[in-house]
Amino acid sequence: TSNKRTLRTLFRAAALPPSVISETSPSQKKLLTYHRGKEQQEMINQLLIDRALEVYYITMDETDKDETAPPVTELPSTVRKCFFIKSYYLFLKKCVQSNPVVPIQQQWLRSILAMVPQSLMEGRDGELLTEDLLMEIVKDYEKSMQRCVLRRALIKPDIEELDKLEEEAPLPLLPLGLDFSSTWHNSYIKTKKQIMSTLHILHPTMKTLLDFGYTAFFNFLVVDFSSSRLKGPVDCKSFKTDASLSCSKAEDEIMSTWHQRVIGLFSQSEALDGVKLDQLESFYNCVAVLMSNQLKELLQRATEVFVKLFDPEDRSRLPLFKMDLTFDENRMEFYPSLQDLEEAILFVVDCIGQTLQNVQMIRAWLTGGTATLDAELPAHTVQWAKSTLKKSIRDNLEGPKEHFKGYVESYGWLVDGTAEERINRFVAEQPSFDEYT
């Protein structure tokens with residue numbers, strides 16, 4: 001019948017796909033375009049790298065070329081790529097480094113020079129050292145600026161060969177492990193109060209004591225022989241006497257002015273304002289140390305001024321000494337001897353060191369004690385002064401020694417018995433009249 005179902009009617013015959021696809025779907029077109037574009041981009045990049053390598057190698061300096069290396073185009077692609085990156089980085093680095101940097105401000109240089117002690121910048125040597133210092137500062141500044149600009153402008157490629165070429169030290173890093181977040185004001189106030197209560201040098205009385213010392217000592221010399229040359233030659237005995245009298249007068253003057261003012265200061269009750277009873281001993285110890293330092297500075301300055309009179313480079317104030325060339329008991333010699341002259345000059349250093357050695361402490365004066373201040377010159381100061389003077393004396397006595405040597409060589413045979421012996425021998429030979437004549 002017509003409505004009878006069979007296998008043919010239930011399953012239709014399958015249609016086979018055509019052997020050739022004439023059209024592609026949109027997805028397929030998009031995928032093919034992506035792959036083709038990627039391949040073309042890789043090819044273009046490789047061509048750009050090769051062309052850039054050729055151009056760069058042509059424009060390189062002759063000193064940078066490696067004649068033994070193979071042509072760039074014959075290198076593997078990965079090697080060519082690394083070579084291109086390294087060469088291009090070095091080229092850009094040279095361009096950045098060739099650009100001028102902002103010059104250092106003159107105000108900065110002046111601020112740096114202000115921190116250098118004035119004594120180091122005096123004289124010809126000081127000027128040369130100052131110029132070298134400024135040149136070194138400017139050079140370091142420009143080098144640091146170039147490195148900073150380079151690291152900001154370029155990112156260094158991760159290539160091992162570049163690490164061998166660049167041996168620059170890394171830039172300094174910020175300190176690690178330091179915590180600046182905590183407040184400091186509270187601890188500062190606490191420490192300030194503690195210092196004010198225990199550090200007696202900040203007491204107003206100490207400031208007054210410092211003012212007394214500065215007023216009395218800033219232009220005072222225990223011994224002053226700066227005008228000795230103008231007075232003419234002096235003998236060693238008078239030189240030693242003048243030094244002793246000068247030290248004695250200076251000590252009397254200091255004790256009658258400075259020391260009396262200090263005693264008057266501490267005789268007032270206001271001098272101990274704010275000092276607790278359990279701090280009196282430490283307070284007076286601070287006073288003693290301050291006074292000792294002032295006296296030591298006074299004696300040390302007097303010693304240095306005296307030694308400077310014998311400076312071999314400046315003989316304008318060199319003292320003149322009276323020396324006699326004597327003849328006694330068939331001997332010619334200086335009077336006083338050169339050793340006595342040296343002893344007289346070194347005597348002044350000892351005389352300065354013995355001055356102001358019996359100044360009574362304020363605490364001892366108030367309580368009736370006998371303790372004295374430590375005003376002794378430091379041993380290294382005395383040693384320096386004497387060694388410097390000995391060398392200067394030895395150098396300045398070269399002239400008198402040569403003068404004495406000339407007398408001995410010329411006339412010594414007349415007084416040492418040589419002439420008398422020759423005369424006696426001549427007479428003993430009983431010469432003829434012609435020989436006599």
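Which residue forms a salt bridge with Glu 297? Arg 301 does, the closest N and O atoms being 3.6 Å apart. A salt bridge here means a side-chain nitrogen of Lys or Arg within 4 Å of a carboxyl oxygen of Asp or Glu.

A word on the model: it is predicted, so local features need pLDDT of at least 70 and side-chain atom pairs count only at pLDDT 80 or more, while totals for chains, interfaces and linings use all residues. Residues are numbered from 1 along each chain as its sequence is written, and side-chain values use heavy atoms, leaving out hydrogens and water.

The structure holds 6 salt bridges, including these:

| Pair | N to O distance |
|---|---|
| Lys 207 and Asp 211 | 3.5 Å |
| Arg 301 and Glu 297 | 3.6 Å |
| Asp 395 and Lys 391 | 3.2 Å |

Helices are DSSP runs of H or I with at least four residues, and strands are runs of E with at least two, numbered from the N terminus. Lys 207 and Asp 211 are separated by about one helical turn because they lie 4 residues apart in helix H8 (residues 204-217). Likewise, Arg 301 and Glu 297 sit 4 residues apart in helix H11 (residues 280-308), and Asp 395 and Lys 391 are 4 residues apart in helix H14 (residues 379-396).

How accessible are these side chains? Buried means under 20% relative accessible area, exposed over 50%, and partly exposed in between (1.4 Å probe, protein chains only). Lys 207 is exposed at 55%, whereas Asp 211 is partly exposed at 38%. Glu 297 is partly exposed at 41%.
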